[in-house]
Amino acid sequence: MKMKPAAAKRFRRSGPIKRVAAAFIVQRGKPDAGSARPPVHKILICQRTRHQHFPLKWEFPGGKIEAGEQPRYALRRELEEELGIDARVGDEVARIRHTYTRGGTVELRFFLVEEFAGEIENRIFKDVRWVSRQQLPEFDFLEADATLVKDIAEGKLL
């Protein structure tokens, strides 16, 4: 049985999964009474340029994991390239797989970064900002980050 062209498009493979490591670079506030760990005060977000895929969308910094590369190493490399910092990559705190409606699947691994050496320098983005968790939903994030943005804003993550 032969598929109609429209049906064939729906079942077409989207190609290999792009593996990405990204960082939740955070600044912590003062500890709450009785809390062992201070709450996240600010989180770093970055805006893509007009010339990148998904222009002007906001994202958490990071990038592609190259073949044979360990995710933490890839993230350290990307943060140095994008922001000029030497990051101490902490625990993996989230992992998601997202397929975009126009095709293409990405697996995103998010790591906590609470310490880094150097001053943050915007090397590739249109904009870089420290924002509170409550401000995150005000920004136009990549579709793949939407659930995480909501969870962070509501205090369910980080």
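This report walks through a predicted model of one protein chain, from its overall layout down to a few single residues.

## The overall layout

Let's start with the big picture. The chain has 158 residues, and 39% of them count as buried. Its secondary structure comes to three helices and seven strands. If you read along from the N terminus, the order of these elements is α-β-β-β-β-α-β-β-β-α.

Among contacts between residues at least 6 apart in sequence, 62% join residues at least 24 apart.

## Helix α2

Now have a look at helix α2, which covers residues 71-83. This helix has 13 residues, and the distance from its first C-alpha to its last is 18 Å, close to the 18 Å expected at 1.5 Å a residue.

Which residues of α2 are buried? They are Pro71, Ala74, Leu75, Arg77, Glu78, Leu79, Glu82 and Leu83. The buried residues of α2 pack against β1 (18-28), β2 (40-47), β4 (62-64), β5 (86-99), β6 (105-117) and β7 (127-131).

Next, the inside of the protein. In soluble globular proteins, nonpolar side chains tend to be buried together. Here, the largest nonpolar core has 25 residues. Those with the most contacts inside this core are Phe24, Ile43, Ile45, Phe60, Phe110, Leu136 and Phe141. The elements giving two or more residues to the core are β1, β2, β6 and α3 (146-153). There is also a second, separate core of 16 residues, which includes Ile25, Leu44, Cys46 and Leu83.

What does phenylalanine 110 touch? Leaving out residues up to four places away in sequence, its contacts are Ala22, Phe24, Phe60, Asp91, Glu92, Val93, Ala94, Ile96, Asp145 and Leu148. Two of the names there, Phe24 and Phe60, are also on the list of residues with the most contacts inside the largest core.

## The largest pocket

On to the pockets. The largest one has a volume of about 720 Å³. Its lining is made of 32 residues, and the ones nearest its centre are Lys18, Arg48, His53, Phe54 and Leu142. The elements that give two or more residues to this lining are β1, β4, α2 and β6.

Which element gives the largest share of the lining? That is β1, with four residues. By type, the lining of the largest pocket splits into 14 nonpolar, nine polar and nine charged residues.

## The second largest pocket

The second largest pocket has a volume of about 210 Å³. You can find it by picking out the residues that line it: Arg28, Arg37, Arg88, Val89, Gly90, Asp91, Val93, Leu112, Val113, Glu114, Glu115 and Leu158. Both β5 and β6 supply at least two residues of this lining, and β5 gives the most, with five. Sorted by type, the lining residues are five nonpolar, one polar and six charged.

## A few residues in loops

Finally, some single residues. Most residues other than glycine have a negative phi, and most peptide bonds are trans. With that in mind, look at phenylalanine 54, which has a positive phi of about 55° although it is not a glycine. Phenylalanine 54 sits in the loop between β2 and β3 (58-59), and it is partly exposed, with a relative accessible area of 37%. Leucine 56 is another residue other than glycine with a positive phi, near 65°. Leucine 56 is in the loop between β2 and β3 and is partly exposed at a relative accessible area of 25%.

Apart from neighbours within four places in sequence, serine 132 is in contact with His41 and Lys42.

Notes
Residues are numbered from 1 along each chain as its sequence is written. This is a predicted model: local features need pLDDT of at least 70, side-chain atom pairs count only at pLDDT 80 or more; totals for chains, interfaces and linings use all residues. Side-chain values use heavy atoms; hydrogens and water are left out. The expected span of a helix is 1.5 Å times one less than its number of residues. Buried means under 20% relative accessible area, exposed over 50%, partly exposed in between (1.4 Å probe, protein chains only). Contact means heavy atoms within 4.5 Å. On a 1 Å grid over the protein atoms alone, a cavity is a set of points where a 1.4 Å probe fits but cannot get out, and a pocket is an open set with protein on both sides within 12 Å along at least five of seven lines; lining residues have an atom within 4 Å of a point. Grid points are joined across faces, edges and corners, and a volume is the space filled by probe spheres set on the points. Ala, Val, Leu, Ile, Met, Phe, Trp, Tyr, Cys and Pro count as nonpolar, Asp, Glu, Lys and Arg as charged, and the others, Gly among them, as polar. A nonpolar core is a set of buried Ala, Val, Leu, Ile, Met, Phe, Trp, Tyr and Cys residues joined through side-chain atoms within 4.5 Å.
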